Amino acid sequence: MTSHQGQLYLDLWLRLLQQGSAADQAAALCRYAQSWPGVSQAYWLSWQPHEQIYAHDGGGPALPPGQGDPLKASDALLFEQLSRESCLPLAQVRQGQTWLSGRLRRAGLAEGSLIALTPKIPGVLVVATETEQHTAALAAMATLLQALLANRPEQPADVMLLQCDPLPGLRMNTLAAPVAMNAAMQQLLAHHPGSAITDLLPVNYAQLITACLNQSRAIGEVESTWAGKFLLWQFIPEPSLDAVMVRCRDATTEIRRKREAAVASRLYRLITENTTDLISRHTPDGRFLDASPASWTLLGYWPEALRGRSAQSLLHPRDRGRSLFQAAEALARDGYLTLTYRIRHRDGHYLWFETACRGIRETYTGDVVEIVCISRDITARVRAEEENRRLAEVVRANTDLVLFLDSQGQLTMVNPSARRALGIRGDSDLPSLADLLNPEDFHRLRQQGWHSAIQRGAWATEARLLPLGAKTGFVVSLVLLAHRGAGGQYYFSLVARDMTERELREAEQRRHQDELAHTGRLITMGELASGIAHEINQPLAAVMNYAGASQRYLKTLHEQPENAARVAEGLRLIADQARHAAAVISRLRGFLRKGSRNIQRLEIETVVREAMDLCAWEASRHQVTIYFENSYFEESQSENNEAGFDEPQTHSLLALPPVYGDAVLLEQVLVNLLRNAIEANWEQAPQQASRIVIRVDVEGDRLCLRVVDQGPGLPDEARDKLFTPFYTSKPDGLGLGLSMSRTIAEGFGGGLDIEASDPRGATFCCWLPLRRE
């Protein structure tokens, strides 16, 4: 560019300072700066007092955005420095921490100067040079511009303004008739010979000219359409000439892009505001820059409450370090990442989120400067997957045979129990159900089971399963379940329980129970009989000897009176041996009460369940159901029709105080109470179903085990003798069960008594002290 052209742009800039737009002024000033030797590029940035930054005003090229959080951008320090120094080297400004410093670094501008035109024009001219030698000459440019601004005359524009304008323009009088036009306008009309000047102007150009002159103000950015182009017109009053300068620029590309961007922006805004997913922007350290309205629906926070907040503060403590480390590493390497984590709702509960992250990189350095995330709530999916996993584990661990099959009867999956029972190897193909059932059972299953399972959800029967390669099968109880898939098709699952194994187990349990009861009676009576025989045998023999000697002395008493003293001595010795026998019995009772025991901390639930198991067969035979109630358990009972009682499920104790004792002896106490209750129920209502309740309560400093039956109760005279040894109301009873049970309970520091008795039943209570150790 020649020095003459530079002078023209300088004159144009000075004239535009009076009546031109800010964009035209900036464009003319940048063109003038580029006319200097060694200048490669020039930018004009105006000062924005509200935002406290230098920003592009629309004239000439623009710098890239700065680094960091836009909400924290500031050029206040640079503005103060430029108010004192009109020219600053770019190398010095690049080292600063202002918003413009980051923009210079991202633009790659190293050589050049910032020229401030304050206070006349609040803004800064960014001039980039090719070498450092050319930068030194920019101080002269700054001095020249400052002098021109200080000494420019306040005069109206003349004809030179129109002729020097690079944009198409013309001058129109008060009647809206063109009186002059510049070369650019003539060149524009030359390409369309058939067009008149009025075809280019806005339809209301006459009114705009009148308003411009009457109000003495410029009117800009008036749009018109001509020859498939969009033109933006400016009307600048020239009072000294009693005319208006009209100029235009081709904004076709700009307006089309703006309209396309507006349509896309409206579309994106509608999508963002109506999507159920959370769309958010974050800084590299995870702070929210913005969020879509879905944040209220998903997290209970409006977008305004999330801006500036760290996403890490909302994550579950176990997911914070892992999620942030994965995000930083993957975004730096790949630029995208999908995370699954837990996030806290405003109400305090946690939700499972799946987030797709995309890193926005800096153009020149490649560093991630912003992260865009799309998050969705997958709590229901995670819970469903967890439930399916647990169900799958239950199916695999189930001792029953579980088989899955399609509507044609082909097995699709079986659990390990089914593989072992049916002889299916792990590497072999699954057979058809027809290969595992005899023809009659398979036909009945297809004809009745399929339809009933679809209609009612389940169908039960008994059949005989034939393992692969076996000649004989085993009887099972089958339950056929129908399931409907997502596509509407049905598939089935088959649960088979081996009845032979259960019958053998029940028979073995009954035999074990009978042997245990018989052995217990033999041991108790054997220890009692042998102990009494051994300990009382000697004093009895001595009594017999002393009695025989005394009888002989009495026969000769009339002949030998001195034998009276010997008789008295014999009686005294007999009394001593009797007292010795009484002491032996006392020691035997003490031995039974305080024998060697295995004292340890008791799991009450385990003791109760084992006692219930021992009495299960007898309870089933007498149609008695045993229930277990414990306020310290989250109780869930399921009826066991085969055993005749409800088996309590295993739950965790909730702050149950410790109890110490011998588990075997306490089990013996409960067995005695349960068997007595079963017989009482049967006596009250034979051939009828009844119930027994075992209840555990904590009362003060002791734990109480209560057994409540539905028997006829006890008469008053029987209650006084109930715990007396060898007292019994049973024809074949020994009368030692309750006596021994009370002895065991007292040996633990507790007791056993009957709390209530009426015609509706009796309640026995065994209590044990609560101890810390």
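Select helices α23 and α25: α23 passes α25 in a left-handed crossing, meaning that the near helix is turned anticlockwise from the far one by less than a right angle. Helices here are DSSP runs of H or I with at least four residues, strands are runs of E with at least two, and both are numbered from the N terminus.

This is a predicted model, in which local features need pLDDT of at least 70 and side-chain atom pairs count only at pLDDT 80 or more, while totals for chains, interfaces and linings use all residues. Residues are numbered from 1 along each chain as its sequence is written, and side-chain values use heavy atoms, without hydrogens and water.

**The two helices**

The axes of α23 (residues 663-684) and α25 come within 9 Å and cross at roughly 145 degrees. Axes are lines fitted to C-alpha atoms over the stretch in contact, with angles from 0 to 180 degrees between N-to-C directions. Now select the contact residues (heavy atoms within 4.5 Å): Leu 665, Gln 668, Val 669, Asn 672, Leu 673 and Asn 676 of α23, with Gly 737, Leu 738, Ser 741 and Ile 744 of α25.

Stay on α25 (residues 737-747) and select its buried residues, Leu 738, Ser 739, Ser 741, Thr 743, Ile 744 and Ala 745. Buried means under 20% relative accessible area, exposed over 50%, and partly exposed in between, with a 1.4 Å probe and protein chains only. After α25 comes Gly 749, which has a positive phi near 90 degrees.

**Aromatic pairs**

Rings of Phe, Tyr and Trp (its six-membered ring) pair if their centres lie within 6.5 Å; planes under 30 degrees apart are stacked, over 60 edge-to-face, and the rest tilted. The count by this rule is 7 aromatic pairs.

Select Trp 47 and Phe 79, a stacked pair at 4.2 Å centre to centre with 20 degrees between the planes. Trp 47 is in strand β1 (residues 39-48) and Phe 79 in helix α3 (residues 76-84), so this pair ties together parts 32 residues apart in sequence. Is Trp 47 buried or exposed? Trp 47 is buried, at 11% relative accessible area, whereas Phe 79 is partly exposed at 26%.

**Charges over rings**

A charge sits over a ring if NZ of Lys or CZ of Arg is within 6 Å of the ring centre and within 35 degrees of the ring normal. Select Arg 691, which lies over the face of Tyr 627 at 4.4 Å from the ring centre. Finish at Arg 702, whose charged end sits over the ring of Trp 767, 4.8 Å from its centre.
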